[in-house]
Amino acid sequence: MGREFMKKLLLIAGILVLSTSLMGASAKDTKEGTVKVKAKVVEPLVLSTGDVDFGMLVSGETKEEETEGSVSIKGTPNEQIKFEVKVDGGDYQSYVSGSNKYDVVLKTGNGTANEIMTSKLRLESKDVTEASDGKINLGSKGNLIFKVKGEVTAGSEQSAGEYEGVIHVRAMYN
């Protein structure tokens, strides 16, 4: 029995030495991997605008624009942008097709009660069939054009003067 026991003991000791050396060697092995580094270059966005002009109104008159305004956005074809609109006193809101109506306040003088009118404007584009949360594709030509249209009503006691207001637009790659 002594000899059998010694064989088993030597066998167990050999297994321990071998497994320890294998584990020690694998823990010291050099491991290697790769990290991809990517970048995409796009053309700078160019945003240009044209003014809306309602022309002359008399007190009590409602009138559509004589000259429609415009918003043009140029960039890299087929890239997605985010387009947002803001009226004075508000925050930027994502453009959503179908609900693109904006109340823009026009003022003259000090902007007292009879020196304020509110125009009802809308942005329309034949280039944009659907936009949700302001996300719009620039299309194959990399160019979007919006028409800015609407109407304004001069109150029955509207003060005479040159009235002005603004609507803000911004675009960024998404």
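Predicted model: local features only at pLDDT ≥ 70, side-chain atom pairs only at ≥ 80, totals over all residues.
**Entry 1: strand β7**

I began with β7, which covers residues 116-124. Which of its side chains are buried? I found that Met117, Ser119, Leu121 and Leu123 point to one face and are buried.

**Entry 2: the partners of β7**

I then looked up the strands that pair with β7. Strand β6, residues 101-107, runs antiparallel to β7 and is joined to it by seven bridges. In this pairing, leucine 106 stands opposite methionine 117 of β7. Strand β9, residues 143-153, also pairs with β7 in the antiparallel sense, over six bridges. Here I found glutamate 124 opposite lysine 147 of β9.

**Entry 3: the largest nonpolar core**

How many residues does the largest nonpolar core have? I recorded 24 residues. Those with the most contacts inside this core are Ile73, Phe83, Tyr95, Leu123, Ile136, Leu144 and Phe146. I next asked which strands supply at least two residues each, and noted β3 (69-74), β4 (80-87), β6, β7 and β9. Strand β9 gives the most to this core, with four residues.

**Entry 4: the aromatic rings**

I counted three aromatic pairs in the model. Phenylalanine 83 and tyrosine 95 form a tilted pair, with 5.6 Å from centre to centre and 55 degrees between the planes. This pair links distant parts of the chain: phenylalanine 83 is in strand β4, and tyrosine 95 is in the loop between β5 (93-94) and β6, 12 residues apart.

Is phenylalanine 83 buried or exposed? I noted that phenylalanine 83 counts as buried because its relative accessibility is 0%, below the cut-off of 20%. Tyrosine 95, at 2%, counts as buried as well.

Phenylalanine 83 also pairs with phenylalanine 146; this pair is stacked, at 4.7 Å centre to centre and 20 degrees between the planes. Phenylalanine 83 lies in β4 and phenylalanine 146 in β9, so this pair ties together parts that are 63 residues apart in sequence. Phenylalanine 146 is buried, at 0% relative accessibility.

Separately, I found arginine 170 over the face of tyrosine 92, at 3.8 Å from the ring centre.

**Entry 5: threonine 76**

Where is threonine 76 placed? I located threonine 76 in the loop between β3 and β4. Threonine 76 has a relative accessible area of 15% and is therefore buried. Its side chain reaches the backbone nitrogen of glutamate 43 at 2.6 Å. Leaving aside neighbours within four places in sequence, I found threonine 76 in contact with Val42, Glu43, Leu138, Gly142 and Tyr173.

How values were computed
Residues numbered from 1 in each chain as written. Heavy atoms only, no water. Buried < 20%, exposed > 50% of the residue type's maximum accessible area, 1.4 Å probe, protein only. Pairing = 2+ DSSP bridges. Core = buried A, V, L, I, M, F, W, Y, C linked by side-chain atoms within 4.5 Å. Polar contact = N/O pair within 3.5 Å; in protein donor to acceptor, adjacent residues only side chain to side chain. Contact = heavy atoms within 4.5 Å. Phe/Tyr/Trp six-rings, centres within 6.5 Å; stacked < 30°, edge-to-face > 60°. Lys NZ or Arg CZ within 6 Å of the ring centre and 35° of its normal.
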